[in-house]
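Reader: I would like to learn how to read a model like this one, feature by feature. Where do we start?

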Amino acid sequence: MTKPGLIRRERFLIIALLVAVAAYAGEHEILAAGRAPTLIAAFGIVATIILASTRVAHHAELLAIKVGDPYGTMILTLSAVLVEVVVLAIMMQGEASPTLVRDTIYAAVMLDINGIIGLAALLGGLRHGEQPYNDDSSRTYSVMILTAMGISMIVPEFVPRESWQLYSAFTICAMIALYTLFLRLQVGQHSYFFSYAYPRAGRGDPQAHAEGDDGPALPSILVILAGVVLIGALAEVMSATLTTGLQGTGAPPALMAVIVAAISAAPEILTAMRAALANRMQPVVNIAMGASLSTVILTVPVMETIALYTGQPFIMAMTPVQTVMVAITLIVAAINLNDGMTNAIEGMTHFILFATFLMLTLIGI
């Protein structure tokens, strides 16, 4: 690959680097410029982070092509969760809300299951009718998500405050144990749960396949690492500018959480839509359900460890409205994703649930 070609291909990361340098150099001036300029700068940084995350996801996809499923989907979801954890960890160092972690995980689950699966099944169903996938994967993901969210985000409501450290330590161990066994089964004796033999050869972006098949893995790994570092740097300025810009605006309290969830999910949405329109629903299920599971089961232990280290607990117990929405979502997913076929009607039910989540967020509940 020529140097100009490399620069053109990685222009989003170069833009992110330039924005990061400019943001750090002018952070104090931006914060002192007033609400409107601060908000414009904040959402500009959010857009830059999304651009950088698309390159991280692209190189994760190249690695995924090399190793194939289920390893490929695992790389894609882990890269997205890594971005989310880095952004959350950076933001929690400031004056972030103690519910930010909880609200971000909740928003990510709503976006992944209802947003991604809903839109993908709707659009794919309108184009192709019923779309097949391996229903073993959806059942496995669903029960893991329900268990992980129950342990980490429902039970804490009943844990006395004086016992939060003990229960946080237990939660960390439980999440690690669940994910360790899940990974062992996903890449071992139950790996066939997460794959589906499609009769047609066309699988995604031909250019991506060509890059993934012919190029070495090391450049992609280095780009992923560099991208995550850049995203972390940008997230620090984003946190300060968003917090300052939103003060006194009456913005919904959970808006910050939705932004963080959307940053990590943006590349996944593009990948899932391409797969659904290509009549490949298995990657959609793996990405959406796998990202939801990874968000809960990996973000919780990392953030709980930070809480134990700092001695400041986060509020992890979901509100009654959040608990009801998660329950409805998982029940609908269990019904819709139980027969190995999706259609536009099933997609619409999830998409309406996603729209309900957005409406509840806008009205502040």
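Reader: In which loop is N279 found?

Author: First, a caution: this is a predicted model. N279 is found in the loop between α10 and α11. Its backbone deserves a look. N279 has a positive phi of about 65°, although it is not a glycine.

Reader: Is N279 buried or exposed?

Author: Buried means under 20% relative accessible area. N279 has 13% relative accessibility, so N279 counts as buried.

Reader: Let us turn to helices. How many residues does α7 have, and what span should they give?

Author: Helix α7 runs over residues 164-186 and has 23 residues. At 1.5 Å a residue, they should span 33 Å. The end C-alpha atoms of α7 are 32 Å apart, which agrees.

Reader: Which residues of α7 are buried?

Author: Among them are W164, Y167, S168, T171, I172 and M175. An α-helix has 3.6 residues a turn, so residues three or four places apart point the same way.

Reader: What distance does α13 reach from its first C-alpha to its last?

Author: Helix α13 reaches 27 Å. That is close to the 27 Å expected for its 19 residues at 1.5 Å a residue.

Reader: Which residues of α13 are buried, and what do they pack against?

Author: The buried residues of α13 include A344, H350, L353, F354, F357 and L360. E346 is also one of the buried residues. The buried residues of α13 pack against α5, α10, α12 and β2.

Reader: And where is M359?

Author: M359 is in helix α13, residues 344-362. M359 has a relative accessible area of 47%, so it is partly exposed. M359 also belongs to a nonpolar surface patch.

Reader: Take V87. What is V87 in contact with, leaving aside its neighbours within four places in sequence?

Author: V87 is in contact with I231, A235, M238 and V260. M238 is itself among the core residues with the most contacts.

Reader: Where is L242, and is L242 buried or exposed?

Author: L242 is in helix α9, residues 217-246. Its relative accessibility is 0%, so L242 counts as buried. Leaving aside neighbours within four places in sequence, L242 is in contact with A42, F43, V46, M256 and I259. L242 and A42 are 200 residues apart along the chain, and their C-alpha atoms are separated by 5.5 Å.

Reader: Last, charges. How many salt bridges does the count come to?

Author: Side chains of opposite charge can pair when their charged atoms come close. The count here comes to four salt bridges. In one of them, R55 and E10 meet at 3.1 Å, N to O. R55 lies in helix α3 and E10 in the loop between α1 and α2, so the pair ties together parts that are 45 residues apart in sequence. R55 is buried, with a relative accessible area of 10%. E10 counts as buried at 9% relative accessibility.

Reader: Which residues are linked in a network of salt bridges?

Author: D135, D136 and R139 are linked in a network. R139 and D135 meet at 3.1 Å, N to O. They both lie in helix α6, four residues apart, about one turn of the helix. D136 and R139 meet at 2.8 Å, N to O. These two are three residues apart in α6, so about one helical turn separates them.

Reader: Are R139 and D136 buried or partly exposed?

Author: R139 counts as partly exposed, at 38% relative accessibility. D136 is partly exposed too, with a relative accessible area of 22%.

Terms used. Residues numbered from 1 in each chain as written. Predicted model: local features only at pLDDT ≥ 70, side-chain atom pairs only at ≥ 80, totals over all residues. Heavy atoms only, no water. Patch = residues over 30% accessible without salt bridge, like charges linked within 9 Å, V, L, I, M, F, W, Y side chains within 5 Å. Areas by Shrake-Rupley, 256 points an atom, 1.4 Å probe, with all protein chains shown as cover. Salt bridge = Lys/Arg side-chain N within 4 Å of Asp/Glu carboxyl O. Buried < 20%, exposed > 50% of the residue type's maximum accessible area, 1.4 Å probe, protein only. Expected span 1.5 Å × (residues − 1). Core = buried A, V, L, I, M, F, W, Y, C linked by side-chain atoms within 4.5 Å. Contact = heavy atoms within 4.5 Å.
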